[in-house]
Amino acid sequence: MALRTDLTEMFGIDHPVMLAPMGGVAGGELAAAVSEGGGLGLIGAGGGDADLLDRECELLAARTEKPWGIGLLSWATDLDAVLRSVERRPAAIMLSFGDPTPYADAVLAADIRLLVQVTTTDEAARALDAGAHVLVAQGGEAGGHGGTRATLPFVPAVVDLAGPVPVLAAGGIADGRGLAAALALGAAGALIGTRFEATHESLISAEEAKAIVEARGGDTERSRTIDIARESPWPAEYTARTLRNRFLDEWSGRDAELAADPLARQRYRDATERGDLDCAPVWAGEGVDLINGLEPAADLVRRISGDAERALRRAAAYCD
């Protein structure tokens, strides 16, 4: 029995699994592998840099003819970048972290599915007003940037608000049990990030992948410290979850002091350019407990979906 949901029907895919469009992680090779595995792969395009789009879309197109998408950061992109993304003719464009309204019409007019990631119910209502075809309800357990709502109560709240619009669950989902839980909460599938970092097709380094495999959920923390250190313009309401490291421990509770110390920020930048993981961020969510090794991304999609089917059958036995 295959898992059939509004997500699989909308895109004609085999499994209700979508790759989170993680910048510096989800390139064309990883997105293609997820799509080839029967899910929906998304390239992490950030603000929509033309060279990045050209390179990664060309790589993706050479590896799959199945549906795929592009993820953009609403706060960092502009209309020209959205139109460049539209020209690549993806099946979906996902807008995250910021107001999607200025860009929604360009996506909708091109008959491309508009996905919007939300971290609050107010953001969800705004995305619905903008015409989103799918909402992604991201809980604070997610790796990288996000909000503070916990996935378990947040997803059904967005499902209730969205009505007929499909909702995907995100944040802390790393295996079939997490996908099964998302479906039980009323979601049409799951957007998965950290688990796909630990794949052969991911863009992260071998050292970063090793750190993720060896980490546990308690080794992650959410803060603004990394963004302050690297002088990033990320909006302050979206903090970042990473693995803890020496730099974060040193500056814990001292964000204002770090913001006023240009020498400390320069030392941080010098260390990250060397790839020093005592300073450089390893973006990771609380689902790292469930990651025990690297896998091919296509196999991972199929395994997560198959495990979810089995988990749902086990749960159904309680109704007998």
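This is a predicted model: local features need pLDDT of at least 70, side-chain atom pairs count only at pLDDT 80 or more; totals for chains, interfaces and linings use all residues.
**Stop 1: helix α2.** Select residues 28–36, which make up helix α2. Seven of its nine residues are buried, so the helix is largely enclosed by the rest of the structure. To see which ones, highlight Gly-28, Leu-30, Ala-31, Ala-32, Ala-33, Val-34 and Ser-35. Now show what these buried residues pack against: the strands β1 (17–19), β2 (41–44) and β3 (68–73), along with the helices α3 (50–61), α9 (194–197) and α15 (297–316). Before moving on, step just past α2 to Gly-38, where phi is positive, at about 105°.

**Stop 2: the aromatic rings.** Across the whole structure there are six aromatic pairs. Begin with Trp-75 and Trp-234: their ring centres are 5.1 Å apart and their planes meet at 55°, so this pair is tilted. Trp-75 sits in the loop between β3 and α4 (79–87) and Trp-234 in the loop between α11 (225–229) and β11 (239–243), so the pair ties together parts 159 residues apart in sequence. Colour by accessibility and you will find Trp-75 partly exposed at 26%, while Trp-234 is buried at 11%.

Next, select Phe-97 and Tyr-238, an edge-to-face pair with 5.0 Å between centres and 65° between planes. Phe-97 belongs to the loop between β4 (92–96) and α5 (101–109), and Tyr-238, 141 residues away, to the loop between α11 and β11. Both Phe-97 and Tyr-238 are buried. Show the four residues together: ring pairs join Trp-75, Phe-97, Trp-234 and Tyr-238 into a cluster.

**Stop 3: a charge over a ring.** Finally, pick Trp-251 and look over its face for Arg-254, 4.1 Å from the ring centre.

Notes: Residues are numbered from 1 along each chain as its sequence is written. Side-chain values use heavy atoms; hydrogens and water are left out. Buried means under 20% relative accessible area, exposed over 50%, partly exposed in between (1.4 Å probe, protein chains only). Helices (H or I, at least four residues) and strands (E, at least two) are DSSP runs, numbered from the N terminus. Contact means heavy atoms within 4.5 Å. Rings of Phe, Tyr and Trp (its six-membered ring) pair if their centres lie within 6.5 Å; planes under 30 degrees apart count as stacked, over 60 as edge-to-face and the rest as tilted. A charge sits over a ring if NZ of Lys or CZ of Arg is within 6 Å of the ring centre and within 35 degrees of the ring normal.
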